[in-house]
Amino acid sequence: MVNTKVTLCGITLDNPVIPASGTYGFGYEFAELYDINILGTLSFKGTTLEPRFGNPTPRIAECPSGMLNAVGLQNPGVDKVISEELPKLRAVFSKPAMANVSGFSLDEYVETVRRLDTAEGIGWFEVNISCPNVHGGGMSFGTSPEMAETVTRAVRDVTKKPIIIKLSPNVTDIVSIAKACEAGGADGVSLINTLMGMRIDLKRRRPILANKTGGYSGPAIKPVAVRMIYQVYDAVKIPIVGMGGVATAEDVIELMLAGATAVEVGAENLVNPYACRDIIEDLARAMEKYGIENLTDIIGGAH
Amino acid sequence: MKDSYFTLLSNEKIAKNTYECTLAGDTSDITAPGQFVNIKLDGFYLRRPISVCNVEGDTLTLIYKVVGEGTEKMSKMLRGERLLILSGLGNGYDTGKSGDRPLLIGGGAGVPPMYLLARELVKEGKHPSVILGFNTGDEVFYRDEFSALGVPVTVATADGSEGVRGFVTDAMDSYDYTYFYTCGPEPMLKAVYGKSKTEGQFSFEERMGCGFGACMGCSCKTKYGNKRICRDGPVLEKEEIIW
């Protein structure tokens with residue numbers, strides 16, 4: 001019998017598989033397809049203080065081995081998330097969930113975390129300082145070590161729950177930003193968010209996306225994720241939640257060997273709604289194939 | 001919604017850039033006309049959303065227009081190929097509101113969903129009429145199939161090479177209808193909206209990520225809040241649409 005349990009910032013997960021924010025809604029729609037309690041946890045749709053419609057459409061463009069999205073953090077706002085979405089999630093999911101939050105100012109990050117802190121069933125905060133698709137916020141907090149540390153300290157003050165800062169790959173040196181988050185009191189970092197990209201419609205001679213640029217996700221970005229997780233693992237002591245192009249149990253193992261304690265699955269949920277279930281069901285086979293008894297033993301094993 | 005393999009029975013060109021394919025598989029989750037399926041193709045990351053044209057027993061009929069690399073690849077699919085298909089997506093049309101004499105207005109790639117809708121309405125004992133709009137005569141398809149249902153058909157072509165010269169809206173005046181259903185390119189839907197004299201339902205198209213409501217890639221604003229074209233649509237009621 002293999003053991004798939006891992007412990008992320010003091011909370012033990014049955015397995016390291018976590019649907020990534022923005023690809024899984026608030027979980028309850030996937031619960032119509034399978035019992036989502038099999039998940040390690042789930043990171044729910046990025047939540048902001050105010051409701052957001054997001055960007056104009058088209059918001060999606062296909063790419064080789066992946067896709068661009070420029071959804072722009074569509075969500076009903078923190079109060080409705082607490083009053084409407086989380087009760088629906090709680091009805092189908094009995095484990096602690098990861099609350100993904102975004103903001104356009106320090107105050108917004110702080111207030112959104114403060115309001116969610118007392119909501120039922122939140123295990124961790126995943127603070128997104130890396131959304132490439134919103135203007136005047138999101139990623140701009142995640143592209144300098146100073147800003148990243150400031151955001152981390154600010155949210156640290158309003159919650160005792162573990163704080164995981166979600167990092168952008170669209171930076172010169174992700175390691176310096178991860179270290180700044182650690183210095184600011186983060187309990188973990190998650191990486192990578194999407195890579196900023198663009199596609200052009202040859203007939204119209206214009207960018208496909210109404211937002212012009214979007215975030216690239218899917219199997220194509222996995223090597224970038226593995227490299228960045230590997231580098232960050234060498235530089236910080238806090239756990240890493242790895243993500244980027246994960247589609248198989250082997251991918252989970254690869255990101256863990258690079259240094260991830262848990263692994264998020266993003267774009268794959270959109271092309272295979274059963275992706276997380278399939279990966280979880282396949283984990284034991286893949287572990288046996290590579291001679292792994294305890295999944296937790298392989299974290300950072302490639303170093 | 002169900003993800004299952006279908007086997008291709010046929011795949012034939014029926015008009016300019018337009019193909020009809022039939023597939024055998026589990027169609028049990030397709031519950032309303034106007035729904036769509038999402039097809040996984042080798043070599044493409046995202047699936048291809050295609051509206052359901054007809055379902056009879058375990059046979060699914062789809063009609064698609066070659067508009068890009070994905071549909072180009074589909075046009076070369078061979079009999080016997082197995083395709084992974086998410087079926088039963090979207091809300092579909094509500095036939096309950098049609099009254100006795102609904103008018104069905106399909107334009108180009110918006111024609112196929114009108115077929116199953118017309119069939120269902122006829123089955124319910126109603127008396128639908130249909131207007132089919134195309135750019136040119138060589139794009140026209142399914143005129144005879146609608147006629148075979150006993151449904152009066154008007155074809156409109158923009159260049160006048162077949163049927164009435166002009167747009168579907170030019171053909172709408174001569175009808176006295178109780179309700180309408182439409183699907184087609186957005187400029188056509190807008191024109192139908194302006195011309196229509198009753199309530200009705202519109203089926204919208206949008207670039208989709210997942211096709212089942214997870215990614216928020218195809219959201220639109222309505223009078224009743226934000227809706228996802230793939231899950232809360234593709235069919236919206238006339239009175240809720242914000243253009």
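**Contact, helix and core in a predicted model**

This model is predicted. The contact takes 24 residues from chain A and 20 residues from chain B.

Q: What makes a residue of chain B count toward the contact with chain A?
A: Two residues are in contact if their C-beta atoms lie within 7 Å. Chain B supplies 20 residues to the contact.

Q: How do you know which classes make up the side of chain B that touches chain A?
A: That side has 10 nonpolar, five polar and five charged residues. Gly counts as polar there, because the class follows residue type.

Q: Why are Met188(B), Leu189(B), Ala191(B) and Val192(B) said to lie on the same side of α5(B)?
A: These four are the buried residues of helix α5 (residues 186-195) of chain B. They cover an arc of only 165° around the axis, so they share one side of α5(B). On the other side, Glu186(B), Pro187(B) and Gly194(B) are exposed.

Q: What covers the buried residues of α5(B)?
A: The cover includes β7 (102-107), β8 (129-134), α4 (168-172), β11 (179-183) and β12 (200-203) of chain B.

Q: Which residues touch the most other members of the largest nonpolar core?
A: Val189(A) and Ile229(A) do, in a core of 166 residues. Helix α6 (residues 249-258) of chain A gives the largest share, seven residues.

Q: Which residues is Ile229(A) in contact with, leaving aside neighbours within four places in sequence?
A: Ile229(A) contacts Leu191(A), Ile240(A), Gly242(A), Leu255(A), Ala258(A), Gly259(A) and Ala260(A).

How values were computed. Residues numbered from 1 in each chain as written. Chains lettered and ligands numbered in written order. Predicted model: local features only at pLDDT ≥ 70, side-chain atom pairs only at ≥ 80, totals over all residues. Buried ≥ 20, exposed ≤ 12 C-beta atoms within 10 Å, placed from the backbone. Helix = DSSP H or I, 4+ residues; strand = E, 2+ residues; numbered from the N terminus. Arc of directions from axis to C-beta. Core = buried A, V, L, I, M, F, W, Y, C linked by C-beta atoms within 7 Å.
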